[in-house]
Amino acid sequence: MKKILVTGAMGQIGSELVDQLRHTYGASNVIATDIKSGGQSTEGPYETLDVTDGERFHEFAKKYQVDTIMHLAALLSAKAENNPKFAWDLNMGGLVNALEVARDLNTQFFTPSSIGSFGPSTPKDQTPQDTLQRPTTMYGVNKVAGELLCDYYYHRFGLDTRGVRFPGLISYVTLPGGGTTDYAVDIYYEAVKQQSYTSFIAEGTYMDMMYMPDALNAIIKLMETDPAKLKHRNAFNITAMSAAPEDFEKAIQAHIPEFKLYYDVDPARQRIAESWPNGIDPTAAKEEWGFKAEYDLAAMTKDMLEKVRNK
Ligand code: VAH
């Protein structure tokens with residue numbers, strides 16, 4: 001990877017990934033793009049790009065002669081359920097544009113899938129790398145179709161496509177927008193602000209979670225791995241922890257003893273959460289490219305509370 005174009009650069013992952021890539025590969029070698037105009041915290045090229053505009057996408061990739069495309073622009077699970085047709089157009093239209101640009105310029109390609117690509121008939125515990133995927137959300141349909149599309153471009157055109165199935169990501173730089181796991185971010189802000197939080201996800205609802213530094217390191221490590229080592233290409237299961245709201249409550253109370261967690265369950269997002277696994281098996285990622293998460297719930301909570309307090 002030498003010249004990288006990132007879509008969705010103003011999003012929860014993109015905003016931090018661009019900074020980390022710029023520190024690693026040089027600011028001028030990382031072209032940040034997003035539908036929002038506005039630029040990045042660290043200096044470097046920025047272009048306003050709607051990924052459903054294939055022409056413009058192609059124009060920027062050629063202009064900067066990129067050798068890698070990291071496609072992050074997408075609508076997340078809860079928002080996608082409220083606007084399924086738009087989610088299809090953005091998530092699938094944007095992805096096929098990204099893959100076509102990558103094919104034309106023969107770049108390396110990364111796009112994330114999600115634990116959202118699994119459904120209620122998927123084994124819920126230690127969810128295998130290769131298993132039944134019948135998601136019941138538009139986001140999940142987009143993610144399964146995306147995994148298959150990326151595999152197709154690899155087998156049909158030899159495109160070097162790679163991806164991971166992200167768990168819920170927790171971060172303090174940019175708030176997530178429209179996800180089902182967003183409660184796990186909001187809880188830290190509310191704990192600092194008012195020592196209490198009302199969760200829209202019910203007690204006892206386990207989902208995979210990961211701290212953003214581990215997510216960013218996983219992307220870069222996967223992309224830098226010798227392709228000969230990869231038996232899978234896209235959609236590696238990766239996770240750092242399986243946690244429910246009460247686990248976050250306990251972890252926060254170790255720092256803020258008076259913290260109180262209440263519940264006001266949102267049926268729509270609860271339904272999405274219950275269709276996803278309790279915990280997935282990341283063995284393939286560990287074996288094929290040395291995936292390792294550094295942060296467990298306690299370490300993440302300590303760092304998140306510090307960072308949110310300083311924000
Ligand atoms: C969402 N944060 O909630 C995203 C992610 C696994 C969850 O895909 O939609």
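Author: Let us start with Gln126, which counts as exposed at 52% relative accessibility (exposed means over 50% relative accessible area, buried under 20%, and partly exposed in between, with a 1.4 Å probe and protein chains only). Before going further, please note that this is a predicted model, in which local features need pLDDT of at least 70, side-chain atom pairs count only at pLDDT 80 or more, and totals for chains, interfaces and linings use all residues. Residues are numbered from 1 along each chain as its sequence is written, and side-chain values use heavy atoms, with hydrogens and water left out.

Gln126 sits in strand E7, which covers residues 125-127 (strands, E, of at least two residues and helices, H or I, of at least four are DSSP runs, numbered from the N terminus). Most residues other than glycine have a negative phi. Gln65 also has a positive phi, near 50 degrees, and is likewise not a glycine. Gln65 belongs to the loop between helix H2 (54-63) and strand E4 (68-71), and with a relative accessible area of 56% it is exposed.

Asn142 is buried, with a relative accessible area of 4%. Beyond residues up to four places away in sequence, Asn142 touches Ala87, Trp88, Asn91 and Met92 (contact means heavy atoms within 4.5 Å).

Another buried residue is Ser77, at 2% relative accessibility, and it is found in helix H3 (residues 77-82). Which residues does Ser77 touch, not counting residues up to four places away in sequence? They are Tyr139, Gly178, Gly179, Thr180, Ile272 and Trp276. Ser77 and Ile201 are 124 residues apart in sequence, and their C-alpha atoms are 14 Å apart in space.

Thr205 lies in the loop between strand E11 (196-199) and strand E12 (207-211), and at 7% relative accessibility it is buried. Its contacts, leaving aside neighbours within four places in sequence, are Ala243, Ala244, Pro245, Gln270 and Ala273.

Now for the charged pairs. The structure holds 11 salt bridges (a side-chain nitrogen of Lys or Arg within 4 Å of a carboxyl oxygen of Asp or Glu). One of them joins Glu190 and Lys193, with the closest N and O atoms 3.4 Å apart. These two residues are about one helical turn from each other because they are three residues apart in helix H6 (residues 183-194). Glu190 is buried at 18%, whereas Lys193 is exposed at 62%. In another salt bridge, Arg269 meets Asp266, with the closest N and O atoms 2.6 Å apart; Arg269 is partly exposed at 24%, and Asp266 is partly exposed at 21%. Glu294 and Lys292 form a salt bridge at 3.8 Å, N to O, with Glu294 exposed at 54% and Lys292 exposed at 57%. Asp160, Arg162 and Arg233 are linked in a network of salt bridges.

Finally, let us step back to the whole chain. Its domain assignment gives domain 1 (4-166 + 211-237) and domain 2 (168-209 + 240-277 + 295-310), with bounds from an automatic or database assignment. The domain centres, taken over C-alpha atoms, are 25 Å apart. The contact takes 27 residues from domain 1 and 25 residues from domain 2.
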